Amino acid sequence: MTNVVVVGAQWGDEGKAKIIDLLSEKADLIIRYQGGCNAGHTVVTGEHTYKFHLVPSGILYKGKTCVIGSGTVINPEVFNDEVNGLKEKGIDVSSLNVSNIAHITLPYHLNIDELSENALGEKKIGTTKKGIGPTYVDKIDRTGIRVEDLFDDEILSRKLDTVLPSKNALLEYYGYEPYTKSEIVELCRKYAEILSPYVKDATEIIRQALHERKNILFEGAQGTMLDIDHGTYPYVTSSSPIAGGACTGGGVGPTYINKVVGVFKAYITRVGEGPFITELMDETGVKLQQIGVEIGTTTGRKRRCGWFDAVIAKYSTILNGLTDIALTKLDVFDTFDEIKICVGYEDKRNGRIYDFYPSSTSIHKHLQPIYETMDGWNQNISHIKNYDDLPANAKKYVKRLEEIVGVQISIISVGANREQTIILNSPL
Ligand code: GDP
Ligand code: IMO
Ligand code: MG
């Protein structure tokens with residue numbers, strides 16, 4: 001039994017799904033533990049490219065139990081489209097489960113996400129507008145509609161009586177049409193029908209898996225720097241993507257977790273607004289964006305790009321308790337003459353040096369990166385399968401990152417395809 005959390009160690013889109021897909025072969029149970037359809041997880045198998053928003057990326061392996069966990073928020077329309085898309089591609093979804101206590105995103109959550117962003121104007125967060133924040137707001141407010149409520153008319157009716165008037169008041173204030181209770185009830189009936197074949201008690205599935213000493217893989221969405229507590233607040237998502245979120249959202253205690261794999265891009269990207277100390281606003285940033293095809297999977301927005309930030313990496317290591325690193329997209333540097341690593345920040349006001357991430361976001365605007373420069377390798381590495389065959393300068397880059405961050409790099413990804421992977425020390 002080895003239970004592994006795969007966590008985004010930067011601002012999301014690190015290539016988590018590729019690593020989940022890789023490790024799923026040896027896993028028995030794969031659980032998405034937080035977030036919702038704001039996630040866009042890509043797996044490239046050779047024949048097909050799959051884009052997941054809610055369904056765990058492990059579904060591509062037949063017979064693996066997959067769970068959309070208790071800490072997630074579910075838009076049943078998106079779920080339906082995704083499941084139908086998988087079925088059309090011949091993927092068996094009979095082992096897919098949805099936690100009975102996950103929360104439901106309703107149309108008013110989407111409206112509120114949009115109106116909040118509009119109201120913030122230039123200070124907007126740049127959300128995916130999938131209603132994620134507003135759904136979690138209701139959960140924390142203890143007024144949310146959970147999956148199981150869709151199947152209980154009395155509870156649903158009571159909850160809507162509490163929640164709908166305040167939602168409608170807000171919507172009307174901003175010039176949106178209010179919802180009638182009957183139209184939401186009708187929608188919930190449809191949602192119940194969509195979800196009904198999949199609803200299970202996720203804790204019971206986990207209990208059984210632990211009892212049978214199966215391997216459990218916890219699939220993180222978003223990334224550490226988007227964490228509601230520890231990320232670049234308020235430019236964050238509304239859940240806990242960090243490894244601890246696998247315990248709260250997945251529903252297991254920390255003593256059941258054996259390994260935590262942090263997925264890092266060989267550089268760093270972010271979509272949406274918020275501080276980004278190593279962001280490249282020049283042609284190097286454009287080159288990374290273009291070669292890395294850095295376009296958001298969910299929203300189609302261009303991702304902002306920058307050099308690898310080892311200060312963030314060290315912060316991420318502590319927050320997640322990383323035991324392993326999966327380093328992705330190393331191939332994107334194939335045509336770079338030199339590559340930089342941010343090893344510290346300098347406060348422009350007083351020269352103070354930071355080699356560990358200051359969680360106080362108010363000072364971020366005063367910080368500038370301190371770089372170490374390394375030589376590139378100027379050759380194609382996407383066909384390489386063994387670490388020893390990597391060019392000397394690529395190995396130097398990997399070793400330097402490992403040395404600064406202080407965590408073993410166990411997987412190196414050199415292309416989007418499943419096969420384009422160098423495994424040094426498989427976590428599973
Ligand atoms: P996730 O949200 O963390 O699962 O990542 P995304 O799927 O949003 O974005 C990662 C993108 O990079 C996807 O298009 C992947 O197919 C692609 N990708 C993953 N690993 C590699 C790699 O090593 N090299 C290259 N060139 N692309 C990769
Ligand atoms: P995966 O799982 C990258 C970002 C949004 C925005 C902020 C808040 O594919 O790595 P939200 O809609 O969650 O309220 O938006 O979080 N964001 C992501 N960025 N990858 C993701 O998911 C993201 N999910 C949300 O761009 O800045
Ligand atoms: Mg993504």
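**Reading contacts, ligands and backbone angles**

Modeller: The side chains of threonine 105 and threonine 135 make a polar contact at 3.0 Å. Please keep in mind that this is a predicted model.

Colleague: Where is threonine 105 found, and is threonine 105 buried or exposed?

Modeller: A residue counts as buried when its relative accessible area is under 20%. Threonine 105 has a value of 2% and is therefore buried. Its place is the loop that runs between strand E8 (103-104) and helix H3 (107-120).

Colleague: Let us turn to the metal. Which residues coordinate the magnesium ion (ligand 3)?

Modeller: For a metal such as this one, donors are N, O and S atoms within 2.8 Å, and water is not among the atoms, so a site may look incomplete. The magnesium ion (ligand 3) is coordinated by Asp13 (OD) and Gly40 (O), at 2.0 to 2.2 Å. Aspartate 13 lies in the loop between strand E1 (4-8) and helix H1 (16-24), and glycine 40 in the loop between strand E2 (29-32) and strand E3 (41-44), so the pair ties together parts that are 27 residues apart in sequence. Aspartate 13 is partly exposed, at 22% relative accessible area, whereas glycine 40, at 11%, counts as buried.

Colleague: How many residues surround ligand 2, and which are the closest?

Modeller: A residue is placed around a ligand if one of its heavy atoms lies within 4 Å. For ligand 2 there are 20 such residues, and the closest are Lys16, His41, Thr128, Gln222 and Thr237. On its own, ligand 2 has 550 Å² of accessible area, of which the protein covers 98%. The space that ligand 2 takes is the largest pocket.

Colleague: What surrounds ligand 1?

Modeller: The shell of ligand 1 has 18 residues, with Gly15, Lys16, Thr42, Asp331 and Ser413 the closest. H1 and E3 each supply at least two residues of this shell. An oxygen atom of ligand 1 is 2.6 Å from a side-chain N or O atom of threonine 42, and one is 3.1 Å from a side-chain N or O atom of arginine 303. Ligand 1 taken alone exposes 590 Å², and the protein buries 90% of that. Its space is the second largest pocket.

Colleague: Lastly, which residues have a positive phi although they are not glycine?

Modeller: Most residues other than glycine have a negative phi, and most peptide bonds are trans. Among the exceptions is aspartate 13, with a positive phi of about 60 degrees. Another is arginine 213, with phi near 55 degrees; arginine 213 is found in the loop between helix H7 (202-211) and E10, and is exposed at 55%. The peptide bond from tyrosine 233 to proline 234 is cis, with omega near 5 degrees.

Definitions and conventions: Residues numbered from 1 in each chain as written. Chains lettered and ligands numbered in written order. Predicted model: local features only at pLDDT ≥ 70, side-chain atom pairs only at ≥ 80, totals over all residues. Heavy atoms only, no water. Donors = N, O, S within 2.8 Å, 3.2 Å for Na, K, Ca; no water. Helix = DSSP H or I, 4+ residues; strand = E, 2+ residues; numbered from the N terminus. Buried < 20%, exposed > 50% of the residue type's maximum accessible area, 1.4 Å probe, protein only. Areas by Shrake-Rupley, 256 points an atom, 1.4 Å probe, with all protein chains shown as cover. 1 Å grid on protein atoms, 1.4 Å probe; cavity = no way out; pocket = protein on both sides within 12 Å on 5 of 7 lines; lining within 4 Å. Sits in = over half its atoms within 2 Å of the grid points. Polar contact = N/O pair within 3.5 Å; in protein donor to acceptor, adjacent residues only side chain to side chain.
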